[in-house]
Amino acid sequence: MNNETSTCIEETCCSTPANTENVTSEAWVRPHYEIDRNEEAFRLRVYVPGCNKSSVHLTVENDLLTLNATRNDQPDKSWKPLRRELNRSNYRLEVRVPEKVDPSAIGANVEDGILHLTLPIREAEKPRAIEVS
């Protein structure tokens with residue numbers, strides 16, 4: 001993350017869930033993610049292979065965006081695993097959302113194991129031109 005982005009959106013937690021209400025005893029890992037921004041919004045791409053729309057849960061409370069995602073790509077039980085390089089843990093990520101973001105307008109969709117989040121910047125926070133009369 002570059003310095004500009006890290007001052008706006010910060011990772012706050014990587015493996016220990018703060019809210020254990022819907023958490024099982026299974027291991028949670030921090031997914032890989034990328035953050036971009038333009039004048040309109042921040043964009044997060046979170047890599048959650050093995051997850052689909054119904055297994056991804058997002059909440060925003062105060063300035064904290066929390067992602068919990070459960071993998072649902074269990075291996076076929078009729079096969080005996082000989083080697084595994086893929087992590088089969090579920091995912092958890094918490095990031096601080098800057099005040100300039102409108103939390104009620106956050107959008108999300110999952111496609112091909114990637115969660116795409118759009119965090120729009122409030123209109124009052126966007127750069128604007130001032131007409132001189």
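**View 1. Asn62 sits in the loop between E5 and E6.** Welcome to the first close-up of this predicted model. Asn62 has a phi near 55°, a positive value in a residue other than glycine. Most residues other than glycine have a negative phi, so this spot deserves a look. Asn62 also counts as exposed, at 72% relative accessibility.

**View 2. Asp112 lies in the loop between strand E8 (107-111) and E9.** Here, too, the backbone has a positive phi, near 55°, in a residue other than glycine. With a relative accessibility of 75%, Asp112 counts as exposed.

**View 3. The largest nonpolar core has 20 residues.** Look for Val46, Val48, Leu67, Ala69, Leu115, Leu117 and Leu119, which touch the most other members of this core. Two or more core residues come from each of these elements: strand E3 (33-37), strand E4 (41-47), strand E6 (64-69), strand E7 (90-96) and strand E9 (114-120).

**View 4. Leu117 and its contacts.** Leaving aside residues up to four places away in sequence, Leu117 touches Phe42, Arg43, Leu44, Val46, Leu58, Leu65, Ile106, Gly107 and Ala108. One of these partners, Ala108, turns up again in the next view.

**View 5. Lys53 and Ala108 are 9.5 Å apart in space, C-alpha to C-alpha.** In sequence, 55 residues separate the two. Lys53 belongs to the loop between E4 and strand E5 (56-61). Its relative accessible area is 74%, and because exposed means over 50%, Lys53 is classed as exposed.

Key
Residues are numbered from 1 along each chain as its sequence is written. This is a predicted model: local features need pLDDT of at least 70, side-chain atom pairs count only at pLDDT 80 or more; totals for chains, interfaces and linings use all residues. Side-chain values use heavy atoms; hydrogens and water are left out. A nonpolar core is a set of buried Ala, Val, Leu, Ile, Met, Phe, Trp, Tyr and Cys residues joined through side-chain atoms within 4.5 Å. Buried means under 20% relative accessible area, exposed over 50%, partly exposed in between (1.4 Å probe, protein chains only). Helices (H or I, at least four residues) and strands (E, at least two) are DSSP runs, numbered from the N terminus. Contact means heavy atoms within 4.5 Å.
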